[in-house]
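This report covers nonpolar packing and strand pairing. The sequence and structure come first.

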Amino acid sequence: MSCGTGDCSTCEVSENRGCGVSGVFDWLYQIEGPKQDNDNLVEVQFKGDRKDFYINNRNIDLSHGAVVAVEAEKSGHDIGKVTMLGELVALQIIRKKRDIDTKPLKNIYRIASKKDKETWSLAINNEVKILEKAKRIIEAFNLEMKLSDVELQGDNSKATFYYTAEKRVDFRALIREYSLQFGVKIEMRQIGARQEAAKIGGIGSCGRELCCSTWMTEFPSVSTSAARYQQLAINPQKISGQCGRLKCCLNFELDGYTEALKEFPSSKIKLKTKSGIAKFVKLDVFKGLLFYLNIEN
């Protein structure tokens, strides 16, 4: 591993932290780099947290933030913004275990023209009205589902409706009605409670915007053991997020707590004192203290 100075003997190198010079930290040192030239790989972001990887076969001069027209999933084209280029995209593909052999990358067509942007802007402006009308249609059909969001394709030819439902829903008649009312191709996509919260957004109990709607792109499972390791009371109102599931942030510091707890003796151990037998009550991980109570008093 090289830090770019040509002499890593002057750097602070450790097994877990990599090589840092003048405050620069290589966060990718543990990830094996791509084996071929990947300058034509591009990551494009669409509405909310939806992103996908593309290939720039036409060698279009792209930069971060550029608005581009890309190949849509089935037909037509979509519009999005470039968020990543080159080698970093290749590393993301590896990290997300995307098999580009079975699912080839789609193409970037062009830098979005003025007409592309106007059509895209019109589609975005129509989404709120379409969502409101779509919800009323669901009520009229008396379906047990909750519509969370709608996203129109950049060329305004297709609408993807995101919904949650506890049971299987037969929405064939609903799709026909949507197609008739909105005049576009319809796709219904079921999502989980965490993804719904990410699309709706909001403010968490910490006072900041929800992690799922700002920077998180994956939602690993969270168990109550994460709260127990951190000595938190199992109070659903306090450890649950707006999605009604356990807060994703319970996982953020979990590794640190599990490592710190290895330095403490088992909580099942009882202490024999002059006053009698003392039973474990709680511990303070940060101060390194254990609290015991004499059970005979």
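Which residues of the largest nonpolar core touch the most other members?

## Basis

This is a predicted model in which local features need pLDDT of at least 70 and side-chain atom pairs count only at pLDDT 80 or more, while totals for chains, interfaces and linings use all residues. Residues are numbered from 1 along each chain as its sequence is written, and side-chain values use heavy atoms, without hydrogens or water.

## Nonpolar cores

Met145, Leu147, Phe161, Leu174, Tyr178, Phe182 and Met188 touch the most other members of the largest core, which has 22 residues. A nonpolar core is a set of buried Ala, Val, Leu, Ile, Met, Phe, Trp, Tyr and Cys residues joined through side-chain atoms within 4.5 Å; buried means under 20% relative accessible area (1.4 Å probe, protein chains only). At least two residues each come from α2 (114–141), β9 (146–152), β10 (158–164), α3 (172–182) and β11 (185–190). The most come from α2, with 6 residues. Helices (H or I, at least four residues) and strands (E, at least two) are DSSP runs, numbered from the N terminus.

Beyond its neighbours within four places in sequence, Phe182 is in contact with Ile130, Lys133, Ala134, Ile137 and Phe161; contact means heavy atoms within 4.5 Å. A second, separate core has 11 residues, among them Phe46, Leu62, Ala66 and Val70.

Two strands pair if DSSP finds at least two bridges between them. β12 (residues 271–273) is antiparallel to β13 (residues 276–284), with 3 bridges, and Thr273 has Gly276 as its bridge partner. The hairpin joining β12 to β13 runs through 2 residues.

β13 also pairs with β14 (residues 289–294), antiparallel over 6 bridges; here Phe280 stands opposite Tyr292. Their hairpin has 4 residues between the strands, and in it Gly288 takes a positive phi near 70 degrees.

Note on methods. Buried means under 20% relative accessible area, exposed over 50%, partly exposed in between (1.4 Å probe, protein chains only).
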